[in-house]
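Welcome, and please open the model in your viewer. We will go from stop to stop, with something to select at each one.

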Amino acid sequence: MPGFHVVPTNLATAARLHVPEFSPGSVWLAGAGPGDPGLLTLYALHALNTADVVLHDALVSPDILALIATPRRHSVGKRAGGARTHQLRINQSLVSLARAGHRVLRLKGGDPLIFGRGGEEALALASAGVPFRIVPGISAGIGGTAGAGIPLTHRTLARSVVFATGHDAQGGLPDDLDFVALARTDVVVFYMALRQADLIATRLIAAGRAPDEAIAFVSDATTPRQRVIEATLATAGAVAARLDPHAPTLIVAGPVLALRAMIAPLQQATPMTLEPAPYAVAGGVP
Ligand code: SAH
């Protein structure tokens with residue numbers, strides 16, 4: 001395969017990067033980014049290497065999960081509509097695993113504090129007196145839109161962007177989303193909104209956006225399965241109904257989408273991939 005493996009070109013300098021200790025009895029609440037392992041932070045990579053136990057979301061990509069060194073890994077997340085481990089149980093597990101003296105990595109898709117309930121986990125750890133570190137990650141709204149060739153705040157076209165959720169605790173569109181304010185924002189990026197696409201589009205139109213305004217559905221961004229489907233507010237519901245409801249998807253609305261046609265075709269967006277492990281060949285370990 002062409003290209004390079006990740007070996008620092010300046011090993012001597014890289015070796016001097018001093019990573020704060022991931023101490024036994026603590027929790028790192030880390031973001032894994034939108035999917036491409038290349039979008040992990042160095043903190044997250046360090047935690048993947050050194051954690052004793054990992055609790056991860058279903059959203060974290062397989063190539064990133066493969067980087068976890070410990071066999072003690074548990075999926076505690078949920079996929080849209082799927083089974084879900086109760087948040088309180090996750091909070092309790094984090095506290096008890098840390099109190100048992102483990103280095104606990106809580107790994108979440110994107111950024112842990114953006115629509116990820118990381119704040120609740122941080123509060124639970126704080127109130128239990130468990131030491132923890134919050135490791136930010138590249139949120140899908142930032143990394144996923146970039147991967148799709150959408151310059152979110154292109155000068156002259158957009159001076160404001162909003163990240164909004166299309167999903168409340170019951171799975172419906174949150175009652176308190178202020179569509180008048182959203183419609184006045186240049187660019188709107190909805191998370192967890194595929195099932196509500198029709199209603200969201202209707203509400204944006206009612207609040208003043210043009211029915212023929214372009215929108216984009218960005219699914220599995222920054223992974224080899226990335227798909228970007230363009231539609232308009234008027235066709236949003238019909239287009240959303242044909243998309244895979246299980247693929248994590250962003251809905252993006254705003255004038256900057258017009259630039260995608262010029263950027264995306266020439267953009268290099270191949271993600272980092274894990275090559276097969278050296279011993280993963282027929283015949284097994286020599
Ligand atoms: N903490 C995460 C968001 C969790 S909510 C973050 O900061 O990105 C889950 C939603 O994130 C999904 O429903 C989808 O809207 C969005 N999402 C996460 N990863 C994505 C990806 N690779 N491509 C598109 N959308 C993604």
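Helices (H or I, at least four residues) and strands (E, at least two) are DSSP runs, numbered from the N terminus. Residues are numbered from 1 along each chain as its sequence is written. What you see is a predicted model: local features need pLDDT of at least 70, side-chain atom pairs count only at pLDDT 80 or more, and totals for chains, interfaces and linings use all residues.

**Stop 1: colour by confidence**

Start with pLDDT, the predictor's confidence in each residue, from 0 to 100. The protein has a mean pLDDT of 92, and 90% of its residues reach 70 or more. Now select residues 280-286, where the pLDDT is below 50; beyond near neighbours in sequence, this stretch has 2 contacts in the model. Two residues are in contact if their C-beta atoms, placed from the backbone, lie within 7 Å. Where pLDDT is low, the predicted coordinates should not be read in detail.

**Stop 2**

Where they touch, 12 residues come from domain 1 and 14 residues from domain 2. On the domain 1 side of that contact, you can count 7 nonpolar, 3 polar and 2 charged residues. Here Ala, Val, Leu, Ile, Met, Phe, Trp, Tyr, Cys and Pro count as nonpolar, Asp, Glu, Lys and Arg as charged, and the others, Gly among them, as polar.

**Stop 3: the ligand**

Where does the ligand lie relative to domain 1 and domain 2? Both domains give residues to the shell around the ligand, so it lies between them. Select the 23 residues that surround the ligand; the closest are Gly110, Gly116, Ser139, Ala140 and Ala221. A residue is counted as near a molecule or strand if its C-beta atom, placed from the backbone, lies within 6 Å of it. The shell divides into 11 nonpolar, 9 polar and 3 charged residues. Helix α6 and strands β8 and β10 each supply at least two residues of this shell.

**Stop 4: helix α6**

Select residues 140-147 to see α6, a mostly covered helix with 7 of its 8 residues buried. A residue is buried if 20 or more other C-beta atoms lie within 10 Å of its own, exposed if 12 or fewer, and partly exposed in between, with C-beta atoms placed from the backbone. The buried ones are Ala140, Gly141, Ile142, Gly143, Gly144, Thr145 and Gly147. Just after the helix, glycine 149 takes a positive phi of about 75 degrees.

**Stop 5: the nonpolar cores**

A nonpolar core is a set of buried Ala, Val, Leu, Ile, Met, Phe, Trp, Tyr and Cys residues joined through C-beta atoms within 7 Å. The largest has 31 residues, of which Phe190, Ala216, Leu250, Ile251 and Val252 touch the most other members. The elements giving two or more residues to this core are β7, α8 (197-206), β8, β9 (227-232), α9 (236-241) and β10. Among them, β7 gives the most, with 5 residues. Click on isoleucine 251: not counting residues up to four places away in sequence, its partners are Phe190, Ala193, Ala197, Ile200, Ile215 and Phe217. A second, separate core of 30 residues includes Trp28, Ala32, Leu55 and Val60.

**Stop 6: leucine 55**

Leucine 55 sits in strand β2 (residues 53-56). Why does leucine 55 count as buried? It is buried because 23 other C-beta atoms lie within 10 Å. Leaving aside neighbours within four places in sequence, leucine 55 is in contact with His74, Val76, Ile90, Ser93, Leu94 and Arg106.

**Stop 7: two loop residues**

Phenylalanine 115 is in the loop between β4 (104-108) and α5 (118-128). Its phi is near 45 degrees, a positive value in a residue other than glycine. Arginine 117 is also found in the loop between β4 and α5, and has a positive phi of about 60 degrees although it is not a glycine.

**Stop 8: aspartate 175**

Finish at aspartate 175, in the loop between β6 and α7 (179-184). With 6 C-beta neighbours inside 10 Å, aspartate 175 counts as exposed.

Methods. Domain bounds come from an automatic or database domain assignment.
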